[in-house]
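Please read them with the structure open beside you.

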Amino acid sequence: MGRLSTHVLDIGRGKPAAGVTIELQRLEASGGRVPVVTMTTNTDGRTDQPLMAGEAFIPGVYELVFHIGAYFRGKDTASAGDFLDVVPIRVTLSDKDGHYHVPLVCSPFAYSTYRGS
């Protein structure tokens, strides 16, 4: 069965980013969006459960929406949260039995992602 997971790393502080809200939305061919789940990262920068797993995993096009601006505004970094606010990452999940891991590595001014394992 398929699975989608994520984690968030704050590279400016060199630590996992705890307390980041992540929304998962399925994008429909018509242009509509279907909310799937909203979770918040734990002290390890991960969600307590996969965003989708097992029977709930449906192949398609999805957007993970990371609310990193609110996270950085809660830190003591000058101008934190003033540049990047919401980071959307659009992915296609095509293998119904695949494990997809989409990490976000970020600072208040930059971010990167990759397909993890």
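1. Salt bridges. This is a predicted model, and four salt bridges are found in the structure. One of them joins the side chains of Arg 33 and Glu 63, with N and O 2.9 Å apart. Arg 33 belongs to strand E5 and Glu 63 to strand E7, so this contact ties together parts that lie 30 residues apart in sequence.

2. Because Arg 90 sits in strand E8 and Glu 63 in strand E7, the pair ties together parts 27 residues apart in sequence. Which of these residues are buried, and which are exposed? Glu 63 has a relative accessibility of 9%, so it counts as buried. Arg 90, at 52%, is exposed. Arg 33 counts as partly exposed, with a relative accessibility of 44%.

3. A salt bridge at the helix. Asp 85 and Arg 73 form a salt bridge whose closest N and O atoms are 3.3 Å apart. This pair links distant parts of the chain: Arg 73 is in helix H1, Asp 85 is in the loop between H1 and E8, and twelve residues separate them. Asp 85 is partly exposed at 37% relative accessible area, and Arg 73 is partly exposed at 45%.

4. As background, strands of a sheet pair through backbone hydrogen bonds.

5. Strand pairings. Strand E4 (residues 21-27) pairs with strand E7 (residues 60-67) in the antiparallel sense, over seven bridges. In this pairing Leu 27 stands opposite Val 61 of E7. The pairing of E4 with E5 is antiparallel and has seven bridges, and Arg 26 stands opposite Val 34 in E5. The hairpin of E4 and E5 has five residues between the strands, and Gly 31 takes a positive phi near 100° there.

6. In one of them, the ring centres of Phe 57 and Tyr 100 are 6.1 Å apart and the planes are at 10°, so the pair is stacked. Phe 57 is in the loop between strand E6 (52-53) and E7, whereas Tyr 100 is in strand E9 (residues 99-101), 43 residues away. Both Phe 57 and Tyr 100 are buried.

7. A tilted aromatic pair. The rings of Phe 83 and Phe 109 have centres 6.4 Å apart and planes at 35°, so this pair is tilted. Phe 83 lies in the loop between helix H1 (68-73) and E8, and Phe 109 in the loop between strand E10 (104-106) and strand E11 (111-113), so that the pair links parts of the chain 26 residues apart. Phe 83 counts as exposed at 57% relative accessibility, and Phe 109 is partly exposed at 46%.

Technical notes:
Residues are numbered from 1 along each chain as its sequence is written. This is a predicted model: local features need pLDDT of at least 70, side-chain atom pairs count only at pLDDT 80 or more; totals for chains, interfaces and linings use all residues. Side-chain values use heavy atoms; hydrogens and water are left out. Two strands pair if DSSP finds at least two bridges between them. Helices (H or I, at least four residues) and strands (E, at least two) are DSSP runs, numbered from the N terminus. Rings of Phe, Tyr and Trp (its six-membered ring) pair if their centres lie within 6.5 Å; planes under 30 degrees apart count as stacked, over 60 as edge-to-face and the rest as tilted. Buried means under 20% relative accessible area, exposed over 50%, partly exposed in between (1.4 Å probe, protein chains only).
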